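Open the structure in your viewer and keep the selection tool ready. This tour tells you what to select next and what you will find there.

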Amino acid sequence: MLLRFSIALGTMAMLLRAAICAQADEPVNFETEIAPIFVQHCVRCHSPENKKGELSLATFNDLKANEYVVPGQPEESYLLEVVSPVDGEPPAMPKEGDPLSANEVALLHRWISAGADWPDEVRLEPPVVSDLNWWSLKPIVLPPIPQVNASHPIDAFINAKLAQQKLVPMETADPLILIRRVTFDLTGLPPTPEEIDAFVEENNANPEKAWSALVGRLLESPAFGEKWARHWLDVARYAETHGYDKDKLRLNAWPYRDYVIRSFNDDKPYTRFVEEQIAGDVLFSDEPDGVLGLGFLAAGPWDFIGHWEVGEAKLDGRIAKHLDRDEMISAVFNVFMSTTIQCAQCHHHKFDPLRMEDYYRLHAVFAAVDRADRIYDGLSPEDQRQRQSLLAEINALQDEQERLNTRSQRTVAAGVSGIDRRIAQLSSEFGTTPQPQYGYHSQIEKTPSVAKWVQVDLGEPQPIKQINLIPAFDTFNDIGAGFGFPVRYRVEGSNDPSFANGDVQLLLDATDTDQKNPLAHSVAIETEDTASRYLRVTATKLAQRRDDFIFALGELQAIHAETGENVALKADVTALDSIESGERWGRRNLTDGIYYKEVSNPEAAQELAELKSKRAAIVRKLKPPEVDERLAEIKQSLQPLSAKFKQLPAGELVYAATTHFPRGSRFVATQGKPRPIHFLHRGDMKAPGERMFPGAPILWNDAAQEFFDQPDYNEGEARAQLARYLTDRNNPLLWRSIANRIWQWTFGAPLVGTPNDFGRMGMQPTHPELLDYLAVRLRDDPDQSLKSLVRLLMTSQAYRRAGTFHEANAAADAGNAFLWRFQRRRLTAEEFRDSFLFVAGALQLDQRGGPSFQDFVIEKPAHSPHYEYHLHDPEDPAAHRRSIYRFVVRSQPQPMLTTLDCPDPSISAPYRDESTTALQALTQWNNRLVEVMSRRFAERLEQEAPADIDGRIDYACRIAFGRTPTESEREVMAELLNSQGSAMLGRVLMNASPFIYVE
């Protein structure tokens with residue numbers, strides 16, 4: 001067994017100092033002198049798990065394999081070349097970190113000269129960060145409030161830092177600025193003129209009381225949840241399509257969005273909010289929120305092709321599952337812990353105490369989980385149990401069906417490979433393209449037992465020797481040949497169009513047993529020179545399409561007994577019912593002479609028929625009859641189970657993490673049985689190591705590392721253990737992370753500039769004591785109230801400061817990191833959209849919750865949806881709801897909002913970019929919705945504003961800006977109103993800085 005060699009950085013430094021002092025003529029000790037150099041500078045990037053440049057330094061054989069070292073010949077050893085400076089230029093290696101010192105290079109030279117001795121039992125490993133000596137990992141204790149001239153604790157921390165930095169705090173902002181600022185920050189909407197007037201009057205009487213009352217009123221507004229849920233949905237990577245190639249819709253994602261809004265409005269305790277989103281179905285199984293919260297785990301992108309079409313039987317499908325769990329794990333730790341756990345997938349985290357084992361233990365936590373629709377309400381416990389039981393039976397049978405079919409297909413494929421190659425060759429050389437006229441198609445039925453008929457009128461009685469029924473061939477969704485061909489049917493001839501009198505002749509009776517679908521082959525019926533005018537095909541058992549049943553035929557031919565001609569060609573067709581769908585489907589298509597032919601060449605057709613006959617014989621020989629019998633039994637068993645399942649109440653659905661759902665193609669539920677998770681060397685699915693069991697990294701003293709150590713663990717309890725781990729009172733990251741976010745969502749910028757990364761590669765807090773004060777306040781609050789924390793921040797003088805410029809302050813702190821003034825900000829994309837709808841009087845504020853509105857038209861929804869925003873009618877009032885209720889698409893995001901810095905919903909977005917571009921100005925001016933709302937704004941002015949020019953301008957500015965215009969603004973607006981009208985005035989106001997920016 002190899003001796004694993006991994007040493008702490010402090011020990012390395014000591015050993016290196018000893019090496020430098022060593023005498024040049026002394027022998028070099030590999031373990032004490034050379035190994036520390038490799039471990040400190042090289043092994044992190046050159047190990048079996050992270051083999052950059054195809055070089056590993058784990059063992060001497062690894063090093064020697066690429067001739068980096070030639071024992072006894074330092075001049076021939078490439079290793080020395082890459083670590084030595086050349087002509088004053090820094091060495092090529094290491095690429096990350098400091099170069100080797102001259103003494104270290106000299107040691108390597110002496111070691112190689114002496115023969116490069118490396119004991120066989122010594123194996124080097126990358127250094128593992130294990131210490132918790134980092135600001136974010138230290139225990140949280142309540143810091144003392146600085147003793148400065150400030151009555152509010154937040155101001156005490158801020159003012160102490162300002163004094164330390166010799167910065168002058170700005171004065172309190174004007175009341176008109178303050179009410180607009182706080183109303184946008186808490187509700188995402190502008191204040192109304194009436195609200196402004198009331199606050200100004202109260203502020204004149206008692207500023208503190210007026211401010212406290214205003215903050216309290218806004219916190220209790222339902223608009224608070226709508227605004228603050230947007231913050232959370234940004235970090236939760238929420239959208240309503242899957243992303244990836246096909247980007248299909250998630251029509252039941254919206255209940256999670258409404259859950260987040262309600263949680264903020266109800267001021268749900270933070271630990272409860274966290275636990276519901278990890279294991280709510282286990283910890284709060286009797287409440288809808290216990291399932292709704294699991295929308296968090298499922299909110300990110302999902303590879304439809306990898307899961308649905310490929311499946312876990314193939315490597316690509318297993319990779320899709322791995323990436324799916326990685327996405328969930330990353331979201332949980334980035335959002336709740338501000339920790340980049342994903343960096344430990346291929347190697348130990350280079351900077352933080354996160355090992356690969358930790359990463360794969362978390363995979364085991366989510367090993368049974370997938371993303372799908374699941375019921376959260378509307379079903380009794382008994383119905384739920386029955387549904388689960390039926391689903392388990394159905395899935396088990398379908399799994400067996402899949403296994404049997406796959407096994408048979410592999411056996412058959414091996415036996416007919418040569419024939420299949422020749423068939424493919426003929427199809428390639430003589431194959432035909434299906435015509436748009438498919439054939440006849442009945443109306444759709446919910447059950448297969450409804451009889452359907454179609455008949456052909458030959459014009460007069462004709463002697464018929466053969467009738468050919470040619471199956472339909474449908475190209476839609478790769479359905480192919482045999483579409484809709486009846487399972488049971490009969491063919492009759494008569495001279496009475498009603499088939500009521502006694503001369504009806506039964507030409508074929510296939511109604512006793514299910515018939516095999518002929519696919520691309522026609523069914524030939526010998527008729528013994530029957531003379532009939534009408535030929536009727538009656539389907540007594542319809543073909544199953546997906547969840548319904550139909551009857552379809554591509555063509556009917558009637559071969560004349562004497563001439564051999566098809567006398568049914570162009571004949572009239574009648575039917576019990578039919579779908580008439582343009583060229584594709586219609587009664588006339590049954591006799592139009594157009595039908596699918598596999599090959600165009602007669603000789604090729606003959607050979608093809610012979611090959612298929614031969615192939616069928618081989619298949620019968622290779623495929624054991626008991627397999628067909630069992631498949632038939634499964635099919636028969638599935639029908640009543642599926643029917644019973646469909647009869648159960650549907651319940652209310654949310655797209656969430658789940659272990660039970662109906663099978664879809666290759667997408668199969670685990671039924672709660674965890675998939676085996678293995679440690680992956682270098683993160684390679686083809687290099688599995690030992691079995692891993694649920695656990696989490698040790699990021700604070702006494703943190704649980706392993707939840708289970710046996711394979712029969714309960715997956716729900718594993719998630720519950722993770723939820724408890726996250727919400728542990730001693731977990732410093734959870735409380736610091738949310739405190740930092742609350743500060744950011746209140747003040748516009750976080751105390752820690754990397755909200756999703758509190759590790760050594762992230763930024764450090766500007767006000768660490770203040771951050772810990774907020775974290776402890778929230779943690780120790782019996783209600784764990786986020787609203788209380790927001791109220792605390794907003795009632796500070798720091799929040800109410802003016803945004804005044806101060807030259808000396810700006811020179812010392814241009815970025816306002818120490819909060820000497822309030823930072824001006826632009827409206828977010830959603831705030832801008834909601835605001836111009838609001839001032840135009842069009843915003844549907846009473847339309848809260850429920851399915852999202854779609855401000856696009858979907859083209860090709862069945863395969864790969866195209867989301868066409870330019871086709872949507874901007875006048876549609878259904879889309880005049882708040883932006884939080886907009887249907888969010890990943891692949892084709894909303895153009896206007898994206899231009900205005902709306903983030904990519906496929907990744908956790910801890911903060912919004914705030915750019916200023918010409919394209920934004922063009923979008924805000926030319927967008928069709930802005931144009932429509934400008935006209936609505938003009939209509940509002942016509943109805944509500946005074947008739948005189950000054951009165952109209954004052955009213956318009958009070959609605960749009962929250963204040964009356966300056967004299968210079970009034971002069972420009974009066975000229976604009978006189979020359980261009982109210983609609984143009986509205987458009988200008990919606991594009992003006994006082995509208996777009998919050999001071």
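We start with the whole chain and then go stop by stop.

**The whole protein**

Show everything first. This is a predicted model. The C-alpha atoms fill a box of roughly 110 × 100 × 60 Å along the principal axes. Switch to a cartoon view. The protein has 34 helices and 24 strands. Of its 999 residues, 52% count as buried. Among contacts with a separation of 6 or more, 73% are between residues 24 or more positions apart.

**Colour the domains**

Domain 1 is 2–113. Domain 2 comes in two pieces, 153–224 and 737–812. Domain 3 also has two pieces, 269–378 and 651–727. Domain 4 is 440–596, and domain 5 is 928–998. Now look at domain 4 and domain 5 together. Their C-alpha centres lie 69 Å apart.

**Into the core**

Where do you find the most contacts inside the largest nonpolar core? Select Trp232, Phe336, Leu722, Tyr725 and Leu774. This core has 134 residues. Next, select helix 23, residues 732–747. Helix 23 gives the most to the core, with 9 residues. Domain 2 and domain 3 both contribute residues, so the core lies between them.

Zoom in on Phe336. Leaving out residues up to four places away in sequence, Phe336 touches Trp232, Tyr270, Val274, Gln277, Ile278, Phe296, Ala331, Leu726, Leu733, Leu734 and Ser737. Another core, of 42 residues, lies apart from the largest one. Its members include Leu189, Ala956, Ala960 and Val998.

**A buried charge**

Select Glu33 in helix 2, residues 30–41. Glu33 is buried, yet it has no salt bridge. Which side chain of opposite charge is nearest to Glu33? That is Arg110, 5.2 Å away. A salt bridge needs the nitrogen and oxygen within 4 Å. The backbone nitrogen of Asn29 lies 2.6 Å from a polar atom of the Glu33 side chain.

**A hidden alanine**

Go to Ala367. Find it in the loop between helix 17 (356–365) and strand 5 (370–377). Is Ala367 buried or exposed? Ala367 counts as buried, because its relative accessibility is 0%. Show its neighbours too. Not counting residues up to four places away in sequence, Ala367 touches Arg325, Pro674, Arg675, Ile677 and Tyr713. Then draw a line from Ala367 to Ala575. The two are 208 residues apart in sequence and 54 Å apart in space, C-alpha to C-alpha.

**Salt bridges**

The model has 65 salt bridges. Here are three of them to look at.

- Select Arg217 and Glu195. Their closest N and O atoms are 3.6 Å apart. Arg217 lies in helix 9 (207–219) and Glu195 in helix 8 (193–205), so the pair ties together parts that are 22 residues apart in sequence. Arg217 is partly exposed, at 38% relative accessible area. Glu195 is partly exposed too, at 28%.
- Select Arg230 and Glu830. Their side chains meet at 3.9 Å, N to O. Arg230 lies in helix 10 (222–235) and Glu830 in helix 27 (829–839), so this pair ties together parts that are 600 residues apart in sequence. Arg230 and Glu830 are both buried.
- Select Arg361 and Asp358. Their closest N and O atoms are 3.2 Å apart. Both lie in helix 17, 3 residues apart, about one turn of the helix.

Now select Arg262, Lys268, Arg272, Glu276, Glu287 and Asp289. Salt bridges with shared partners join these residues into one network.

Most residues other than glycine have a negative phi, and most peptide bonds are trans.

Select Met93 and Pro94. A cis peptide bond joins them, with omega about -5°. Pro94 lies in the loop between helix 4 (78–83) and helix 5 (102–113).

Move to Asn816. Its phi is positive, about 60°, although it is not a glycine. Asn816 sits in the loop between helix 26 (807–812) and strand 21 (825–826). Asn816 is buried, with a relative accessible area of 5%.

Finish at Asp901. Its phi is also positive, near 75°. Asp901 lies in the loop between helix 28 (895–899) and helix 29 (918–926). Asp901 is buried, with a relative accessible area of 14%.

Technical notes
Residues numbered from 1 in each chain as written. Predicted model: local features only at pLDDT ≥ 70, side-chain atom pairs only at ≥ 80, totals over all residues. Heavy atoms only, no water. Core = buried A, V, L, I, M, F, W, Y, C linked by side-chain atoms within 4.5 Å. Buried < 20%, exposed > 50% of the residue type's maximum accessible area, 1.4 Å probe, protein only. Helix = DSSP H or I, 4+ residues; strand = E, 2+ residues; numbered from the N terminus. Domains from an automatic or database assignment. Contact = heavy atoms within 4.5 Å. Lys, Arg positive; Asp, Glu negative; His and termini not counted. Polar contact = N/O pair within 3.5 Å; in protein donor to acceptor, adjacent residues only side chain to side chain.
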